[in-house]
Amino acid sequence: MKFRLFPLTCAFSLALSLLAADKPALVANVKLYGVERIPVTVATTGTTPAQTAFNAALRRNLQISGYFDVTPDAAIRITGTPGGTVVASNVGKDKVNVKISTPFTDAKAGRMVARELVDAIVNVQTGNKGFARERIAFAQRKGKDDGELFTCYPDGYDIRQLTADKHAVVGPRWAPNKEDIYYTGFLQKTPLVYRLAASTGARNLLAPFKGLATGAAIAPDGKRCAIILSFQGNPELYVYDMPAKTINRLTRTLRASEASPCWNPKGDKIVYVSDETRQPQIYLLDVATKKSARITRTGSQNTNPDWGPDGRIVYASKRGGQNVLVVMDPLKGEDSACVVTAPGGWEHPSWAVDGRHVVAENNGAIYLIDTDPQVVASALKGCAGDKPQLLFRNQGHWMNPAWCR
Amino acid sequence: MKNSTVFALALCGALAFALTGCKYDDSEGVGDLAAGSELVDPNANTAGTDVATDTTDEDEAARRAAELAALNARRDADATSLADATGVPFDQDPNYARCTDVDFTPVYFGFDADVLAPSELAKIEAVAQHLKLKTDRVVIVEGNCDERGSNEYNLVLGEQRAIRIFDYLVKQLGIDERRVQTKSYGEEKPAVVGSDEAAWSKNRRGEFAVYQHK
């Protein structure tokens, strides 16, 4: 699906908002998009709390998908009774119906059905995967070595606290099984990697490594774990074969440290951070040959690389004293790099399953960012509807988001 | 510990490091041997000191050298078993208890740096002196960072700071490396809460947690 830039929308919307300045309720409905979206009308019925939750989640997930705008009288029309049958008509180039008939009785289940419907509509309309049902793990920092691990859905609802340890949580990442979260915790006073089952809360220590253990990233095969360890002295990048219980060193940087490894979708390469040049930069390593090469040079600090499903990485880059997020093809290098946010405090980006959206933290809050080039251009020009969307408004210092995919 | 034993252990240790490729590179950072070290001068006059029998010293030195060689071989290995990578830190070991009668001054670092400033070396030497006097004590060096930058990167930077202090204690000041462990809190345990240089400079630090064998 290609989107056309619609440059007048911003100015038109701004005029609307000025005209409606004495009617704030109307201002809230003005859509400040610089990129045209597909109109969808939500005309579902129902007044129970569960149905209301379904309807709200349906609207919210359609909006944040990046493809749709919920408006009256659109060609795509969603009708029916939530909890009974709901149908989205005229979807895709073949104008098909997308139907869901899953019964539910509570709000949480209603939201889950709405997410399932939105993912189906996105898939039929665009051919791409929707991310509505893919959870985001993140950490809360409450004080000195005091924090917890949480998950929620991309619509910001159904926030679930997974730990109650009052210890710092660093760098959660999902395993490919979409169930286990690996993170660095201080439960035993020293930083060690824990595996936590998101659905049950069951947790176990990956291994009682000597020294530092952090940055665990599970390979697509689910068996190998890229991890930063210091049991041999300096912190280095290793691959821990979990079934065989063997550890293979990949780097040997006597005066540098490595951090934040991330596998490519094929599982034969790793991007990671190293401060070999005294400032953290991103390196690309071939696992079989252990050969690595620096791939970032712009920016005084480049950190937190995440390798997305379409082969591009997203990372945080410090430029002019502030952080931006950058998307780049690591095999092509910085010639392919694009800045996707305005300067701020951006850190810890993580790709969605669609390879287009990213979740990241910015000064203690978590945002969804649409990295589509036209959306980015529109957002950087000031069109509010295309700017990063706050994941939720709960008070607190929220950080280290990781999107399940 | 007797002077002759100290010298023998140090010599064997240095030899073992040299033979195994010397994992640690001190080309920058800590500089020359600090004053007060007991490791130098093989011609030092040991008359009047309490010297153990030569045979015992040699046996101990050989055993220690073999241990160090094996340790360094494991350190240099590319492939390792999980057993070699795991262990129990002093603060989780029921055989050790935290000492509350000592409180050492933190060692401070520059921004995004793990280099030991000359002004900080005396603080580490004070810890070494204590460990030499109290031979049943051990220490965990805790590395910390300020809040700036990625917290994942800061976790490894904190470990690197702790390792620089470890290196100075072990390789320059002669403390048995089995008595020193490292730990990083990254940016998670600031000494001072704040977002200015006054706070940041107090948070870029290495601290010492001393434990005693029960």
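Student: How many residues does the contact take from chain A, and how many from chain B?

Tutor: The contact takes 46 residues from chain A and 36 residues from chain B, two residues being in contact if their C-beta atoms, placed from the backbone, lie within 7 Å. On the side of chain A that touches chain B, the elements giving two or more residues are β9 (169-174), β13 (213-218), β14 (224-229), β16 (246-249), β17 (258-263) and β21 (301-307) of chain A, where a strand is a DSSP run of E with at least two residues, a helix one of H or I with at least four, each numbered from the N terminus. β16(A) gives the most to this side, with four residues. This is a predicted model, in which local features need pLDDT of at least 70 and side-chain atom pairs count only at pLDDT 80 or more, whereas totals for chains, interfaces and linings use all residues. Residues are numbered from 1 along each chain as its sequence is written, while chains are lettered from A and ligands numbered from 1 in the order in which they are written.

Student: What joins β16(A) to strand β1 of chain B?

Tutor: Three bridges join β16(A) to strand β1 (residues 79-81) of chain B, and the two run antiparallel; since two strands pair if DSSP finds at least two bridges between them, three bridges are enough for a pair. Within this pairing, N248(A) stands opposite A79(B) in β1(B).

Student: Why is chain A called as compact as a globular protein of that length?

Tutor: Chain A has five helices and 29 strands. Its radius of gyration, taken over C-alpha atoms, is 22 Å, close to the 22 Å that the globule rule gives for 405 residues, so the description holds; that rule is 2.2 Å times the number of residues to the power 0.38. Along its principal axes the C-alpha trace spans about 65 × 45 × 40 Å.

Student: What confidence does the predictor assign to chain A?

Tutor: Chain A averages a pLDDT of 91, and 92% of its residues score at least 70, on a scale of the predictor's confidence in each residue that runs from 0 to 100. Over residues 1-30 of chain A, however, the pLDDT is below 50, and this stretch has 28 contacts in the model beyond near neighbours in sequence.

Student: Why does R173(A) count as buried?

Tutor: R173(A) has 25 C-beta neighbours inside 10 Å, and a residue is buried if 20 or more other C-beta atoms lie within 10 Å of its own (exposed if 12 or fewer, partly exposed in between), so R173(A) counts as buried. R173(A) has its place in strand β9 of chain A. Leaving aside neighbours within four places in sequence, R173(A) is in contact with I181(A), Y182(A), A216(A), A217(A) and A402(A).

Student: What makes strand β7 of chain A largely enclosed by the rest of the structure?

Tutor: Six of the seven residues of β7(A) (residues 146-152) are buried, so the strand is largely enclosed. Seven bridges join β7(A) to strand β6 (residues 136-143) of chain A, which runs antiparallel to it, and I136(A) has C152(A) as its bridge partner in β7(A). β6(A) and β7(A) form a hairpin with two residues between them, and D145(A) in the turn has a positive phi of about 40 degrees. β7(A) also pairs in the antiparallel sense with strand β8 (residues 160-161) of chain A, over two bridges, with T151(A) opposite R160(A) in β8(A).

Student: Which residues touch the most other members of the largest nonpolar core?

Tutor: A nonpolar core is a set of buried Ala, Val, Leu, Ile, Met, Phe, Trp, Tyr and Cys residues joined through C-beta atoms within 7 Å. Of the 122 residues in the largest one, L58(A), L117(A), A226(A), I227(A), L229(A), V271(A) and L325(A) touch the most other members. Not counting residues up to four places away in sequence, L58(A) touches V42(A), T44(A), I78(A), A114(A), L117(A) and V118(A). A second, separate core of 24 residues includes V138(B), I140(B), L169(B) and V210(B).

Student: What share of the residues in chain B is buried, and how many helices and strands does chain B have?

Tutor: Buried residues make up 34% of the 214 residues in chain B, and its secondary structure comes to six helices and six strands. Chain B averages a pLDDT of 77, with 69% of the residues scoring at least 70. Over residues 1-55 of chain B the pLDDT is below 50, and this stretch has 77 contacts in the model beyond near neighbours in sequence. For the complex, the predictor gives an ipTM of 0.87 and a pTM of 0.84.
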